[in-house]
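Open the model in your viewer and keep the sequence beside it. This tour tells you what to select next and what is there.

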Amino acid sequence: SIPLSFFAGIGGASREGVLVKGSNVLETLSKVRTVVFDKTGTMTQGVFEVNAFHDHNDMDIEYSKTRLLEYAAIVESSSSHPIGKSLLRAYGHNVDHSRMSNLREIGGLGVTAVIDGKTVAAGNEKLMKSIGVTPCHCHTAGTIVHIAIDGEYSGHIVLGDVVKPTSAEAVADLRKSGVAQTVMLTGDTHAVAVQTAEKLGIDKVYSDLLPADKVARLETILKVSEGDGKVAFVGDGINDAPVLSRADLGIAMGAMGSDAAIEAADVVLMDDDPMKIGKAIRISRRCLRIVW
Ligand code: ADP
Ligand code: MG
């Protein structure tokens, strides 16, 4: 039977906006020693601002900046990724879906579609390389969306993602609560990843990861930390579901997060506030001390 104090623990957590899916989850929470974070939408707001446009099609004014953003917005119009939503917002017009066909969204890379009979690709360097396009070597800080039209490099849009106001405090709070190690796994570039991790005081950072690489990296972390407490993974995205289920404890962002992530998680933070991780750990410890 389940001790009564577990119900109190789950109830207490839910009043804090933390959904705990069962009594065994509460026990795992109390033993967390390593917390692994996703970046976009988890530690950052996942609301990008378009900072700059660069048009590399000097020979052809047909692909003007407006055209670049228009194509980027159309190709991203069905995406639930924060990058796609931001580009659509920056474009600011309704998208005529009938202009688009053959849509493909490739996790950790970007999107491709046929627009007005032209093949448009929008995404990172990996996506460009996969279609045989050499992107510019941009010396910019920020997440870069490269755009290729009909197999030719057309330019890029630089996006700036900001950290959540409580992210740094949340990492410090976890350390005070006995979390020995914090790690960040991201599909974003090395420069952005290192800058974000430093800003937040996260111990280790791994960048340029595809969804499958995140699972592999988490498995290594699990192996290394064997016998030294539990490993939690905190994420928000569609691509995060496999890592959330592989971790000892999966924590999902509930407000902006994807349904798949919420489904795969053991704990859901209803308001996406990373401060709630430390709170949940402390609630679980208090409740388990009573049981013991
Ligand atoms: P994170 O690990 O930071 O949450 P993701 O794994 O969701 O990031 O995405 C990794 C990278 O893949 C992004 O930084 C971006 O370069 C690229 N990407 C993913 N989805 C899209 C998209 N819809 N449009 C453009 N680029 C994308
Ligand atoms: Mg994410």
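What spacing do the donors of the magnesium ion (ligand 2) follow along the chain? The answer is D-x1-T-x195-D. Before going on, note that this is a predicted model, where local features need pLDDT of at least 70, side-chain atom pairs count only at pLDDT 80 or more, and totals for chains, interfaces and linings use all residues. Residues are numbered from 1 along each chain as its sequence is written, chains are lettered from A and ligands numbered from 1 in the order in which they are written, and side-chain values use heavy atoms, with hydrogens and water left out.

**Stop 1: the metal site**

Select the magnesium ion (ligand 2). Asp38 (OD), Thr40 (O) and Asp236 (OD) coordinate the ion at 2.4 to 2.6 Å. Donors here are N, O and S atoms within 2.8 Å of the metal (3.2 Å for Na, K and Ca); water is not among the atoms, so sites may look incomplete. Thr40 sits in the loop between β2 (32-38) and β3 (44-55), and Asp236 in the loop between β11 (230-235) and α9 (241-246), so the pair ties together parts that are 196 residues apart in sequence. Helices (H or I, at least four residues) and strands (E, at least two) are DSSP runs, numbered from the N terminus.

Buried or exposed: which is Thr40? Thr40 is buried, at 14% relative accessible area. Asp236 is buried too, at 9%. Buried means under 20% relative accessible area, exposed over 50%, and partly exposed in between (1.4 Å probe, protein chains only).

**Stop 2: the mixed sheet**

Now show the strands. Seven of them form an open sheet in the order β1-β13-β12-β11-β2-β9-β10, with mixed pairing. Its edge strands are β1 (18-20) and β10, each pairing on one side only. Neighbouring strands are turned by 20° against each other on average, direction ignored. Axes for such angles are lines fitted to C-alpha atoms, for helices over the stretch in contact, and angles run from 0 to 180 degrees between N-to-C directions. Two strands pair if DSSP finds at least two bridges between them.

Zoom in on β2 and β9. They run parallel and are joined by five bridges. Asp38, one of the magnesium donors, has Leu185 in β9 as its bridge partner. Four of the five residues of β9 (residues 181-185) are buried, so this strand is largely enclosed by the rest of the structure.

Step on to β10 (residues 204-206). β9 and β10 pair in the parallel sense over three bridges. Met184 has Val205 in β10 as its bridge partner. From β9 the chain crosses through helix α7 (residues 190-200) to β10, and this β-α-β crossover is right-handed. That means that, with the strands pointing away from the viewer, the path from the first strand over the helix to the second runs clockwise.

On to β11 and β12. Four bridges join these parallel strands. Gly235 has Ala252 as its bridge partner in β12. Next, pick Met253, in β12 (residues 249-253). Met253 is buried, at 0% relative accessibility.

**Stop 3: an enclosed helix**

Select α2 (residues 23-30). Why is this helix largely enclosed by the rest of the structure? Six of its eight residues are buried. They are Ser23, Val25, Leu26, Thr28, Leu29 and Ser30.

**Stop 4: the antiparallel sheet**

Six strands form another open sheet, in the order β3-β8-β7-β6-β5-β4, with antiparallel pairing. β3 and β4 (100-106) stand at the edges with a single partner strand each, so one side of each lacks a neighbour in the sheet. The twist averages 20° from one strand to the next.

Select β7 (residues 143-149) and β8 (residues 152-163). Seven bridges pair them in the antiparallel sense. Ile147 has Gly155 in β8 as its bridge partner.

Now look at the loop between β7 and β8, where Asp150 lies. Asp150 has a positive phi of about 50° although it is not a glycine. At 44% relative accessibility, Asp150 is partly exposed. Then go to Asp116, in the loop between β5 (110-115) and β6 (118-123). Asp116 also has a positive phi of about 50° without being a glycine. Asp116 is partly exposed, at 38%.
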